[in-house]
Amino acid sequence: MKIEEQTIDTTVVVSLDGRVDGSTAPDLEKHISAVVERGDTRILLDCSKMDYISSAGLRVVLVGAKKCQQGGGKLTLCTLRATCKSVMEVSGFLTMLDYYDTRESALASQS
Amino acid sequence: MLTFAEEILLLMLDDDGVFLPIRGGAVEYILAGAVLMDLAFANRIDNDLEQLTCLDAAPTGNPILDQALAHIANTDETKDTRGWIETLAGQETTEIRQQALASLIEHGILESQDKKFLWVFRARRYPTIDGRIEREVRLRIADVLLSDDIPDPRDVAMICLVDACGFLRDIFSAREIERAAPRVEQFRKMDLIGHEVGGVIAEIERSVMMAMAISPH
């Protein structure tokens, strides 16, 4: 999995490329923690290139969302591929976290 | 920190140290799920909707978890989460229960008492010596379910186990249960192991009810 980061206005866009599973989820957890610890608690997870997410990945997303909320911000998801979106829907994550089909609409919601 | 099996065993005991009845009488499935949750949170296993896999066969240092981990790591057959819950429930839960109880006694949380009843029969009870941990678990569950905050994944998993046991009624008033119901419903889906444990127990309950309905007596 590759993680790229870009700051747009006050939002940190974290783009995921590849599989988020038990082997890679700890890297994502560290990355989100580092972003939150430096005071950036508005995170947009761009999942357009994420092609798989397991339970370990879902847990890391939830931990990240909790950290953002505790810091007064929010973790938002966007652009899930069909298979990952289905996993997120079945596991109830899309009713707990904010989700947008496009990056533009997700960023617009942050302003 | 206690394991999921230890925490749920604490909640299974009443004030006299006697085990409370579990939904469907399926304590072995609850304990099997608890062990899988601990292995998942220790980053030893991972799962999705289709399969459960071993990520790292290195022992955790906890004999209960390591026995189950060795079993998963040494099996060539691919199984989903429910398959592993059923396998562990069928083979290892007596040991899981005994070792978890022994650990709780060693931590000074429970004690073991043998009592006779009707002058002949012996019954073992596990009264609580230190009730702080049990109270802390109950408070944590109540806090999470009665707020709108994003939950910690560990709390989500624990709530799935408590819900599968049918113990939420012991923690909440009827009004609180009604208020917490949408969150419980949501959490049931969020932990894939917890979701499967709840599913197995609901199936057992349905089977028992059907058997009772068609029984002539």
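**View 1. A:R42 and A:K74 face each other as bridge partners.** Let's start with one pair of residues in this predicted model. A:K74 belongs to strand β4 of chain A, and its bridge partner is A:R42.

**View 2. Strand β4(A) is mostly covered.** This strand spans residues 74–78 of chain A, and four of its five residues are buried. β4(A) also pairs with β5(A), residues 98–100, through three bridges in the parallel sense. Look for A:T76 here: its bridge partner in β5(A) is A:D98.

**View 3. Strands β2(A) and β3(A) run parallel.** Strand β2 of chain A covers residues 11–20, and eight bridges connect β2(A) to β3(A). To find your way, pick out A:R19, which stands opposite A:Y52 of β3(A). As you trace the strands, keep a handy rule in mind: side chains in a regular strand alternate between the two faces of the sheet.

**View 4. Five strands of chain A build an open sheet.** Their order is β1-β2-β3-β4-β5, and the pairing is mixed. At the edges are β1(A), residues 2–8, and β5(A), each of which pairs on one side only. From one strand to the next, the twist averages 25 degrees.

Note on methods
Residues are numbered from 1 along each chain as its sequence is written. Chains are lettered from A and ligands numbered from 1 in the order in which they are written. This is a predicted model: local features need pLDDT of at least 70, side-chain atom pairs count only at pLDDT 80 or more; totals for chains, interfaces and linings use all residues. A residue is buried if 20 or more other C-beta atoms lie within 10 Å of its own, exposed if 12 or fewer, and partly exposed in between; C-beta atoms are placed from the backbone. Helices (H or I, at least four residues) and strands (E, at least two) are DSSP runs, numbered from the N terminus. Two strands pair if DSSP finds at least two bridges between them. Axes are lines fitted to C-alpha atoms, for helices over the stretch in contact, and angles run from 0 to 180 degrees between N-to-C directions.
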